[in-house]
Amino acid sequence: MIEFFQKLRKTRLVGYSLFVTIVYAIVILTLLYTHFPINDKIDLAKVVIHWVLLSASSYMIISVLAFNKYINSILLPVFFILSAFGSYFSYQFDMIFNEALLESVFETNIHESLDLVSFELIVYLLVIISLSIWLVRIRFSNSSSGLNFGYFFLLLSSFFIFNSVNAKRNNTLFQKVPFSYYHAYQNLLENEEELSVVRKDISQGAVSNSDSLIVIIVIGEAQRSDHVGANGYYRNTMPLVEKRGSIFFPNIYSEWTHTNKSLPLILTRADSTDYSISYKEKSFISIFDNCGFSTSWLGNQIPGSTYKPFIEENKYIYINRPELSVYSNTKKLDTDLLPIIEKRIEGLSSKKLIVVHQIGSHWWYNSHYPDTLSFYKPTLVGKNFTDKYIKEYINSYDNTIRYTDIFVDNIISKIQNKNSVLIYLSDHGESMGENGKWLHANEVDEERNPACFVWLSDEYKSQFPEKFEKLKVNRLKRFRTDFLFHSALDVSDISSEYLVEKLSLFW
Ligand SMILES: [Zn+2]
């Protein structure tokens with residue numbers, strides 16, 4: 001052992017950098033994987049490969065710091081401490097360091113931050129600080145710290161691994177410590193840039209003809225139309241909202257298959273012929289706002305930069321647990337939003353628009369419904385995308401739909417005796433292994449047919465019987481998701497020069 005450390009003192013820079021990377025990988029990066037469900041050898045292999053790739057990518061930072069012993073002595077401990085913070089919170093709360101968290105760090109006062117500091121964290125940080133000081137001392141006593149071919153070769157390889165893995169796998173390494181800090185900062189700048197764009201206000205001249213109305217728009221996540229019982233699926237996945245007399249629309253077409261592209265099209269006047277409108281104009285939310293509706297956005301997803309400007313149009317905004325990624329292994333339930341939704345419904349204003357943005361059927365499915373409500377079993381244990389577990393995959397997925405059914409039914413129970421409307425539209429569908437595709441953002445047909453339904457209260461139906469009739473007549477018609485902008489205005493009896501009646505479900 002002593003011999004090893006004496007050797008280490010004499011090694012070239014490449015040996016030292018490699019050694020620091022290995023220590024860093026073991027004591028810091030390992031903590032990032034504690035929440036990953038491991039069912040079989042393939043799951044374990046995936047975690048180990050990811051850990052190795054992340055460690056290899058971290059080498060580029062560590063070797064650059066090691067280049068100069070003075071720089072190394074200041075920045076290596078800083079690098080270790082910052083990384084340790086990130087990995088500890090990931091281990092403790094399954095948190096990822098993202099732009100939403102970064103924003104709240106800026107906004108949070110010191111007292112709130114201190115609440116997160118535990119005895120365990122202090123001990124861990126002390127160990128990390130001591131380790132980094134020890135590593136700095138080794139670098140100082142390094143007698144032959146010359147550069148060689150190996151140093152540059154590994155540096156370039158590290159850079160290459162980092163870039164190619166991120167390009168292939170949706171920035172998977174960028175979202176982990178140590179790179180997540182930079183990634184979060186980059187996203188925050190992107191958000192601010194998006195928000196600084198001046199959008200055309202299209203609310204001028206719009207008139208609301210009703211005095212009292214509650215409009216709730218539920219934007220679902222990755223819920224396929226053909227997994228809904230009312231649309232012919234063999235399982236009755238949405239019995240509660242069906243019992244409420246909701247009208248289901250099985251033939252909705254979504255141009256886009258991922259949230260960031262799909263939401264701007266749903267919320268604005270943009271359509272398949274002109275997507276650019278979503279970059280230039282405000283959404284229907286400002287029209288409601290201008291017509292005297294109190295507007296709220298209650299989200300269970302971290303706002304993406306493409307639709308954050310529309311969230312900002314709301315008078316009231318609530319984002320549930322922004323520290324948890326949509327892919328989180330920790331439970332993140334839509335029902336967390338219910339108390340807030342109830343408060344907004346009970347608010348003083350007589351006219352209300354409440355947009356609810358669900359986590360819905362987003363992967364990892366098991367995190368988005370309580371274990372006690374596993375209607376379909378067996379469910380997924382690991383995170384393998386293979387036909388071998390297709391039954392479990394579909395069971396877990398269908399359980400998320402059952403939970404959405406419970407969630408929406410709960411919302412309806414709070415507005416059923418009022419003049420009210422609820423429109424549910426998922427942002428896109430989901431692949432279930434068809435043609436080897438899984439999840440979404442694959443631009444395939446399975447992901448282009450999102451679930452959609454509308455519920456109207458008895459009071460609303462008696463006030464607008466013709467809209468209810470039209471809804472039933474239009475039920476099997478094919479609509480694109482751009483119907484939402486026009487339907488939201490139409491159902492709320494708002495007249496605007498931007499309302500295209502033939503695109504409304506109620507016309
Ligand atoms: Zn989505």
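Visitor: Which residue is the bridge partner of Leu298 in β6?
Guide: In β6 the bridge partner of Leu298 is Tyr318, and the strands, like the helices, are DSSP runs numbered from the N terminus, with E runs of at least two residues for strands and H or I runs of at least four for helices. This is a predicted model, in which local features need pLDDT of at least 70, side-chain atom pairs count only at pLDDT 80 or more, and totals for chains, interfaces and linings use all residues. Residues are numbered from 1 along each chain as its sequence is written.

Visitor: How many bridges join β5 to β6, and do they run parallel or antiparallel?
Guide: Strand β5 (residues 294-299) is joined to β6 by 4 bridges, and the two run parallel; two strands pair if DSSP finds at least two bridges between them.

Visitor: What is the order of the strands in the open sheet?
Guide: The open sheet has 7 strands in the order β3-β11-β8-β2-β7-β5-β6, and its pairing is mixed. At the edges stand β3 and β6 (316-319), each with a single partner strand, so one side of each is left without a neighbour in the sheet.

Visitor: And β11, which strands are joined to it?
Guide: Strand β3 (residues 247-248) is joined to β11 by 2 bridges and runs antiparallel to it, with Phe453 of β11 as the bridge partner of Phe248. Strand β8 (residues 420-426) is also antiparallel to β11, through 5 bridges, and there Leu425 has Cys452 as its bridge partner.

Visitor: Why is β11 described as largely enclosed?
Guide: Strand β11 (residues 452-456) has 5 of its 5 residues buried, so it is largely enclosed by the rest of the structure. A residue is buried if 20 or more other C-beta atoms lie within 10 Å of its own, exposed if 12 or fewer, and partly exposed in between, with C-beta atoms placed from the backbone. Cys452, Val454 and Leu456 point one way from the strand, while Phe453 and Trp455 point the other way. In a regular strand the side chains alternate between the two faces of the sheet.

Visitor: Changing topic, how is the protein divided into domains?
Guide: There is a domain 1 (2-196) and a domain 2 (212-503), with bounds that come from an automatic or database domain assignment. Their centres, taken over C-alpha atoms, are separated by 38 Å. The contact takes 21 residues from domain 1 and 17 residues from domain 2, where two residues are in contact if their C-beta atoms, placed from the backbone, lie within 7 Å.

Visitor: Which helix gives the largest share on the domain 1 side of that contact?
Guide: The largest share of the side of domain 1 that touches domain 2 comes from α9, with 5 residues.

Visitor: What else can you say about α9, say which residues are buried and which are exposed?
Guide: Ser180, His183 and Ala184 are buried in α9, and they cover an arc of only 95 degrees around the axis, which puts them on the same side of α9; the arc is that of the directions from the helix axis to the C-beta atoms. The face turned away from that buried side carries the exposed residues Tyr182, Gln186, Leu189, Glu193 and Ser196.

Visitor: What about α7, which residues are buried there, and what covers them?
Guide: In α7 the buried residues are Tyr124, Ile128, Ser132, Leu135, Val136 and Arg139. Seen down the axis of α7, they fall within an arc of 110 degrees, so they line one face of the helix. What covers them includes α2 (13-27), α3 and α4 (69-93).

Visitor: Which residues does Glu392 touch?
Guide: Not counting residues up to four places away in sequence, Glu392 touches Pro378, Thr379 and Leu380. Glu392 is found in helix α16 (residues 390-415) and counts as buried, with 20 C-beta neighbours inside 10 Å.

Visitor: Last one, is Asn170 buried or exposed?
Guide: Asn170 counts as exposed, with 10 C-beta neighbours inside 10 Å. Asn170 lies in the loop between α8 (149-168) and α9, and has a positive phi of about 50 degrees although it is not a glycine.
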